[in-house]
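Let's walk through a protein model together, one step at a time. Keep the picture in view as you read.

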Amino acid sequence: MVGQEDPQGTGKMEHSRQMVFMPILEEDVYRFDYDGDARKYVFPSLSFVDTTARDSLLEVSMHKVPEYIPFCECLQGQQVVTIELPHGTSFYGTGEVSGSLERTGKRVFTWNTDAWGYGHSTTSLYQSHPWVLAILPNGQAYGVLADTTRRCEIDLRRDSTVKFSASEVYPLITFGPFPSPTLVLRSLSHAIGTVFMPPKWSLGYHQCRWSYETDARVLEVAKSFREKQLPCDVIWMDIDYMHGFRCFTFDPYWC
């Protein structure tokens, strides 16, 4: 890549500017980039089920203009994207973090941590989803996805404004506005896919703690559930069995 602070390779620092856009996927879905040249520097999408859909122009909508166009600037190796929405907009989404479902006024970091003792102020948990669902004052809904796997800051502290900051250039994908959140999420699912139908046993009661030292103790717990006629479909082993708590390893002590 030609300089993180300067996607065009001009050697100059850019001020805030409107991002360039093109319609993709389906009606009212847009991809925004820092500029036309920046498109060739972005990484392949790990969000889209069909990665070509993010990079292909939807010609039937090429003459439409998005209702909201984000601004972008590159500062100290960060691409900072800002979208201003109507006053009174509320925000949801931002992935797996603690706190209330409404994210208005919050600041979240998509940077996975093993936050076993998390509280209301913890801003990063086990999954990262740089996604914001906005509910506009008129009842319409609008979705914004930063298509990046980098550490990303989602800042919703400024009134009715979405702000993403992450290193390297990355595209922003917007969905809508649509009449309802359901339609936004349906459009999002056309891009990133849907979750598989869970097996029945996964919907039952799961018993988990840190942890059971022996297989005999696990069998004892399972037997106790049965004897007391308590439904239990799964007993989880926590991370004790791992070698140095590293995934996909087994501590020789337990083998």
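In strand E10, Ile-154 is the bridge partner of Val-108. Strands here (E, at least two residues) and helices (H or I, at least four) are DSSP runs, numbered from the N terminus. This is a predicted model, where local features need pLDDT of at least 70, side-chain atom pairs count only at pLDDT 80 or more, and totals for chains, interfaces and linings use all residues. Residues are numbered from 1 along each chain as its sequence is written, and side-chain values use heavy atoms, leaving out hydrogens and water.

E10 (residues 152–155) runs antiparallel to E7, and four bridges join them; two strands pair if DSSP finds at least two bridges between them. Now step back to the open sheet of six strands, with antiparallel pairing and the order E1-E4-E5-E11-E10-E7. E1 (17–18) and E7 each have a single partner strand, so one side of each has no neighbour in the sheet.

Follow the chain into the loop between E7 (107–110) and strand E8 (131–135), and you find Tyr-118.

Finally, look at the lining of the largest pocket. E6 (90–93), E8, E9 (141–146) and helix H2 (181–192) each supply at least two residues to this lining. Which element gives the largest share? H2 does, with three residues.
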